[in-house]
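Subject: Model for your files

Dear colleague,

Please find the model below, with its sequence. My notes on it follow.

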Amino acid sequence: MASRLTLTVMVGPVVPVPLPQSVIDELTGVEITQTAERGKPGGFRLTFSLGKRSPLHTIFLLTGGAVPPVMRTLIVATVNGTPYVLMDGVITKQDVTPGTDASHDTLDITGVDLTAVMGWIDFSGIPYPAMPVEARVALICAKYALFGVVPLVVPSILFEAPIPTDRIPKHKGTDLQYLNSLADLVGYVFYVDPGPQPGMSTAYFGPEVKVGVPQPALSVNLDAHSNVEQLSFAIDTEEKKLPVTFVQNLLSKAPIPIPVPDISPLNPLLGAVPLPAKKVEYLTDGAKRTPTQAVLHAMAQAAASADGLTGTGTLDVLRYGRPLHARGLVGVRGAGPAFDGLHFVKQVTHKIKRGEYKQEFKLSRNGLLPTLPTVPV
């Protein structure tokens, strides 16, 4: 790799160790995807040139069976002296593509983040007496401390500890399925974010936060100050919905419709001119929820379809100075008055080759025109 970029790949059962230099020399490409889409895990792919005497035959191919059951992979990119944990996951698939001769075979290693481990075993039936949602999430995530997973649980305004004599909540499905169902119950999201230190990951359970300190600006059409190779925007409000939930009047039992906007303190208007919703969606499951649960669920549904402005592009990380991180804000400048300002990073795909580190990214926003006079460079 170039002097400004150093790539470290660690592989091993549960506790990964750095790959030997002879294996790194055969690494021809790395691709990592991080996304903010609900229920969609991050993934990675490592591509190696596979020679007849390559140690990869024993490191990967012979360990792809039942022993060891977990092959953990940790990928760290050091850019300008600062390490960034790009992926902490497990191998799920190995493919060998024959070449023109035995020295040009290709080995593709693919995998997903540590949420894959949470989806292996069905724990249905485990009781959680007198435990609110937050306590259940923390207890479930605690069993993955072996993988360096640290839970970050944001308490919801719906703090409810079920009375054991009334009902006892029980686990349904795998840990990942149950955690996602709990997140849907209170209008939250659940995902596992690698880092900030190698071997450590954060299991986040809370609202999708679209506030905070933005990342360095993406600059286009600014001559020497440009740091983006390509950037384009599209406006599509056909899928934007205005959810209408129903709560039941305790006296008359009559359903009361409540339209829920997509703007909240954690999902602010990033564009000065909001994009209108063209569809009204009636949520029919409100009767199964308490009024607070119904409103929180509707707010999450509204936020999921709020971003009618999307942007796609590519950048050179070595010129940008650091990897662009998904689930964060980033400024855009030079794209025109309608598109400049803050955007939410919906997805990034890292593509690393020898001497090259580029990213494809997707941005989203719920309005036109910037809300700030300037963005951090």
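Where does Ala130 lie? Ala130 is in the loop between strand 7 (105-113) and helix 3. Helices (H or I, at least four residues) and strands (E, at least two) are DSSP runs, numbered from the N terminus. Ala130 is not a glycine, yet its phi is positive, at about 55°. Most residues other than glycine have a negative phi, and most peptide bonds are trans.

Before the rest, a word on the source. This is a predicted model, in which local features need pLDDT of at least 70 and side-chain atom pairs count only at pLDDT 80 or more, while totals for chains, interfaces and linings use all residues. Residues are numbered from 1 along each chain as its sequence is written, and side-chain values use heavy atoms, with hydrogens and water left out.

Helices 3 and 4

The axes of helix 3 (residues 133-142) and helix 4 (residues 175-185) come within 11 Å and cross at roughly 155°. Axes here are lines fitted to C-alpha atoms, for helices over the stretch in contact, and angles run from 0 to 180 degrees between N-to-C directions. The crossing angle therefore makes helix 3 roughly antiparallel to helix 4 (under 35 degrees is roughly parallel, over 145 roughly antiparallel, 65 to 115 roughly perpendicular, the rest oblique). On the helix 3 side, the contact (heavy atoms within 4.5 Å) is made by Val133, Arg136, Val137, Ile140 and Cys141. Helix 4 contributes Asp175, Tyr178, Leu179, Leu182 and Leu185. By class, the residues of this contact are eight nonpolar, no polar and two charged (Ala, Val, Leu, Ile, Met, Phe, Trp, Tyr, Cys and Pro count as nonpolar, Asp, Glu, Lys and Arg as charged, and the others, Gly among them, as polar).

Two strands pair if DSSP finds at least two bridges between them. Six bridges join strand 9 to strand 10 in the antiparallel sense, and Phe190 stands opposite Phe205 of strand 10.

In the loop between strand 9 and strand 10 is Pro196. The peptide bond from Gly195 to Pro196 is cis, with omega near 10°.

Aromatic pairs

The structure holds four aromatic pairs (ring centres of Phe, Tyr and Trp, the last by its six-membered ring, within 6.5 Å; planes under 30 degrees apart are stacked, over 60 edge-to-face, the rest tilted). One of them is Tyr188 with Phe205, edge-to-face at 5.6 Å centre to centre and 70° between the planes. This pair links distant parts of the chain, 17 residues apart: Tyr188 is in the loop between helix 4 and strand 9 (189-194), and Phe205 is in strand 10 (residues 201-206).

The sheet 14-13-16

Another open sheet of three strands has the order 14-13-16, again with mixed pairing. Strand 14 (255-259) and strand 16 (279-282) stand at its edges with a single partner strand each, so one side of each has no neighbour in the sheet. Here the twist averages 30° from one strand to the next. Strand 13 (residues 241-248) and strand 14 run antiparallel and are joined by five bridges; Val247 stands opposite Ile256 in strand 14.

Regards
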